[in-house]
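Dear colleague,

Please find the structure below, handed over for your records. The findings follow directly after it.

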Amino acid sequence: MQQKIIILDFGSQTTQLIGRRVRELNTYCEIVPYNKMPYDDPSVIGVILSGSPFSVYDNKAFKTDMSLLRRRYPMLGICYGAQLIAYEGGGSVEPAPSREYGRAKLTTVSADPLLEGIDTDAQVWMSHGDTITSLPDNFTIIASTPEVACAAYHINGEQTWGVQFHPEVFHSTCGTRLLENFVVGICGSKRDWSAESFIESTVKALREQLGDDKVVLGLSGGVDSSVAAVLLNRAIGKNLTCIFVDHGMLRKNEFTNVLHDYECLGLNVIGVDASERFFSELAGVTDPERKRKIIGKGFIDVFDEEAHKIKDVKWLAQGTIYPDCIESLSITGTVIKSHHNVGGLPEKMNLKLCEPLRLLFKDEVRAVGRSLGMPEHLIKRHPFPGPGLAVRILGDITREKVTILQNADDIFIRGLREWGLYDKVWQAGVILLPVQSVGVMGDERTYERAVALRAVTSTDAMTADWAHLPYDFLAKVSNEIINTVRGVNRVCYDISSKPPATIEWE
Ligand code: XMP
């Protein structure tokens, strides 16, 4: 049986990060809402309680019955999680005199298995407005910082710990060791979760689930759908048919190159050039949301038509990944689900859904792809929006504009690769602006288009900073675009961060 750690989510922004850190310890974990503890699952070896935007004494605070958890599972409370265990046990939690935020030095007060191997004076990251001011009798403080006496505690005679800092964030230098002490040392993880073990068990499960059924899958050229396809191909071979739709707004040569990659991987893939239909439906449309809707619906229709040409299809496979599925809690307690490009597809097609990557984080998807022997350039590809260049051409879309943008984009992306910068940025692209400006070329006055280069660094696209690319590189790219892309005489570099800007301009 696959061992698992449960992370009870009380709504913190770092809950997913806790999950990733546990997986990095080769231990399978699941993030579940604070009130959905799977008490009857025998594979649970330990529980972690996340932070929360609430104070434990708030009326609306998320609570869970500690008597069902304590002494039953090894348990680690982080920040709010630690405060909740202490508060429910009879301790006091009050607003901190000053908000405790940022780096702090952790000093061990009492030797403890949770702190094994952690240097005295390790750095931890604090982020809380409340603090534990008194502990119940049977709790022992095991570590302090200059500002926080009870930085970490252990309940005597119980496998329960609490830390008021955040071991999951990068700035806590001892965080990985602390989580390892808990997950491996205390909970007894056998560290049997790896890309290889995932592939082996998933291929077996897919064969059982699908039998001789036929499956269709929509490829986008992105990492998730590509890895899902290769994994399914390993499980069921030719019973999988992949459909790759060209809406005409992909990058230069993308359709041909990616189709070739897919064929080399042995996939049974149908490439559909539907660009004519998309260009005619988009003619004259300037509103960004309408562009998205037209492309989303057109994609579903084309996919549906193609899938119906294959006989007896029973399943629709998708490259949905874990962050798409986790139900994250908003402050009001309502459940938010992330948006999907082709949201209407499963309903319209009336097929059963198969999502073999739905338990994986992005970095795990990449590791699985590598293990399956996929080429590095497919695995490390930047994210690219479903509606493609349509949301990077401000205003209406024509074939001529797409060609101009494809050429400029190609110079930028090729340049990033040649200068060894591609893997250092999260994503990059060029935007075609709806302005013309005066220039001079040779002895001629020109009045042509402007483009903006956009490159950002990020970890999850929720926030992003503009990439500080070298001036020499920007100069070279700008020269090459203006000299070789007809119709463009000005290049700008977008230096906006997200928030308040977004990554895409539309
Ligand atoms: P924004 O522009 O909101 O983008 O900062 C965040 C991330 O999402 C991508 N993006 C999209 N992806 N369909 C997609 O599949 C879309 O309509 C879409 N809009 C934005 C964007 O490229 C970035 O990675």
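Strands (E, at least two residues) and helices (H or I, at least four residues) are DSSP runs, numbered from the N terminus. S1 also pairs with strand S2 (residues 29-33), again in the parallel sense and over 5 bridges; the bridge partner of Ile6 in S2 is Glu30.

Please note that this is a predicted model, in which local features need pLDDT of at least 70 and side-chain atom pairs count only at pLDDT 80 or more, while totals for chains, interfaces and linings use all residues. Residues are numbered from 1 along each chain as its sequence is written, and side-chain values use heavy atoms, with hydrogens and water left out.

Helix H3 (residues 80-88) has 7 of its 9 residues buried, so it is largely enclosed by the rest of the structure. The buried residues of H3 are Tyr80, Gly81, Ala82, Gln83, Leu84, Ile85 and Ala86. After H3 comes Gly90, with a positive phi near 110°.

An open sheet of 5 strands is also present, with parallel pairing and the order S12-S11-S10-S13-S16. Its edges are strand S12 (269-273) and strand S16 (352-354); each has a single partner strand, so one side of each is left without a neighbour in the sheet. From one strand to the next, the twist averages 30°. Strand S11 (residues 240-246) runs parallel to S12 and is joined to S12 by 5 bridges, and Asp246 stands opposite Asp273 in S12. Helix H7 packs on this sheet, touching strand S10 (214-219), S11 and S12, and its direction makes about 170° with that of S12. Here contact means heavy atoms within 4.5 Å, and angles run from 0 to 180 degrees between N-to-C directions of lines fitted to C-alpha atoms, for helices over the stretch in contact.

The second largest pocket has a volume of about 420 Å³. Its lining has 18 residues, of which Glu254, Asn257, Arg381, Ile413 and Arg417 lie nearest its centre. Helix H7 (254-264), helix H13 (376-379) and helix H14 (399-418) each give two or more residues to this lining, and the largest share, 5 residues, comes from H14. A pocket is an open set of points on a 1 Å grid over the protein atoms alone, with protein on both sides within 12 Å along at least five of seven lines; a cavity is a set where a 1.4 Å probe fits but cannot get out, and lining residues have an atom within 4 Å of a point. Grid points are joined across faces, edges and corners, and a volume is the space filled by probe spheres set on the points.

There is 1 cavity of 30 Å³ or more, and about 60 Å³ of space lies in the largest cavity. The largest share of its lining, 4 residues, comes from strand S17 (residues 427-441).

Definitions and conventions: Pairing = 2+ DSSP bridges. Buried < 20%, exposed > 50% of the residue type's maximum accessible area, 1.4 Å probe, protein only.
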